[in-house]
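Dear colleague,

Please find below the structure that I am handing over to you, together with its sequence. My notes on the disulfides and on the chain as a whole follow.

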Amino acid sequence: MSRRSSKHSRRYGESGGIGAPFGFNSQPRSSPYLPIALILLGAVFLFAYLYSSPGQFGGNKQAFNRVQGDFSCTVEVQEALPILKKAYGDSMHKILHIGPNTCSVVSHLLKEEETEAWGVEPYDIEEADGNCKALVRRGIVRVADIKFPLPYRPKSFSLVIVSDAVDYLSPRYLNKTIPDLARVSADGLVIFTGLPGQHRAKVAEVTKFGRAAKLRSSTWWVRFFLQTSLEENEAAIKKFQQAAKKSSYHPNCQIFHLKSFN
């Protein structure tokens, strides 16, 4: 007789039932599929919660991707907009966003009062939804290779925000692209870039962007800014940090605030 069987027999006898002769446990055995069913049910509830709960993930599918380890600084931009408003004030009235999935950021900004927004999508939008393609048709969002100068006059926008896109550029192109972004801004350039070790290259990503993301340290970026005569906006940095602290906002991406070119 196994130890498990005797334990079950003793427990059954102690409950007041008739002891099983020959030590046989007469209780019906639970189905071996029950634990699997419970796990699957729990997974269903978890997915439903992640996609519907506004408190934790805002019902945002992209935010769920971050939980899986696929971080997106474009999603971070949308979360940081209230903090940016406190830091830049009136400079948030005419904004250019540049980066993958720019349509989501532009759509969000256009819902704000007294805010004009445009976007530049550096990559293909064949898989974009109908809303994004409508923004392109209206001229609000354009598809353009940011390795070349943007077709805008100097200081065309009060604030320029770029996310994710610079992570896919080599230093050869960064030397031209980032100064050009500072050129078309009047009050500042905000760069959202990934943290080293936070992102894993995928085959689909390399196919779309031409290369895997190169996530650089803050030390590298500060040295790059000095080499390209770009000056960090200390006043904006201070206001942003104060607003972030009051709102308990903790960014998952590196955020740099630069001054526009005079």
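**Disulfides and overall make-up**

The torsion about the S-S bond of Cys73 and Cys253 is about -110°, so this disulfide is left-handed. The model is a predicted one, in which local features need pLDDT of at least 70 and side-chain atom pairs count only at pLDDT 80 or more, while totals for chains, interfaces and linings use all residues. Residues are numbered from 1 along each chain as its sequence is written, and side-chain values use heavy atoms, with hydrogens and water left out.

In the bond between Cys73 and Cys253, the S to S distance is 2.2 Å; a disulfide here is a pair of cysteine sulfur atoms within 2.5 Å. Distant parts of the chain are linked by this pair, 180 residues apart: Cys73 belongs to helix 4 (residues 73–88), and Cys253 to the loop between helix 10 (234–246) and strand 6 (254–258). Helices (H or I, at least four residues) and strands (E, at least two) are DSSP runs, numbered from the N terminus. Cys73 is buried at a relative accessible area of 2%, and Cys253 is likewise buried, at 6%. Buried means under 20% relative accessible area, exposed over 50%, and partly exposed in between (1.4 Å probe, protein chains only).

The search of the whole structure finds two disulfides. Cys103 and Cys132 are also joined, with an S to S distance of 2.0 Å. About their S-S bond the torsion is about 50°, so the disulfide of Cys103 and Cys132 is right-handed. Cys103 lies in helix 5 (residues 102–110) and Cys132 in helix 6 (residues 130–137), so this pair ties together parts that are 29 residues apart in sequence. Cys103 is buried, with 7% relative accessibility, and Cys132 is buried with a relative accessible area of 7%. With bonded cysteines counted along the chain, the disulfides follow the pattern 1-4, 2-3.

Turning to the chain as a whole, there are 10 helices and six strands. Of the 262 residues in the chain, 39% are buried. Among contacts (heavy atoms within 4.5 Å) between residues at least 6 apart in sequence, 68% join residues at least 24 apart. The accessible surface of the chain comes to about 15,600 Å², and 55% of this belongs to carbon and sulfur atoms; accessible areas come from the Shrake-Rupley method with a 1.4 Å probe, and for residues only the protein chains shown count as cover.

With kind regards
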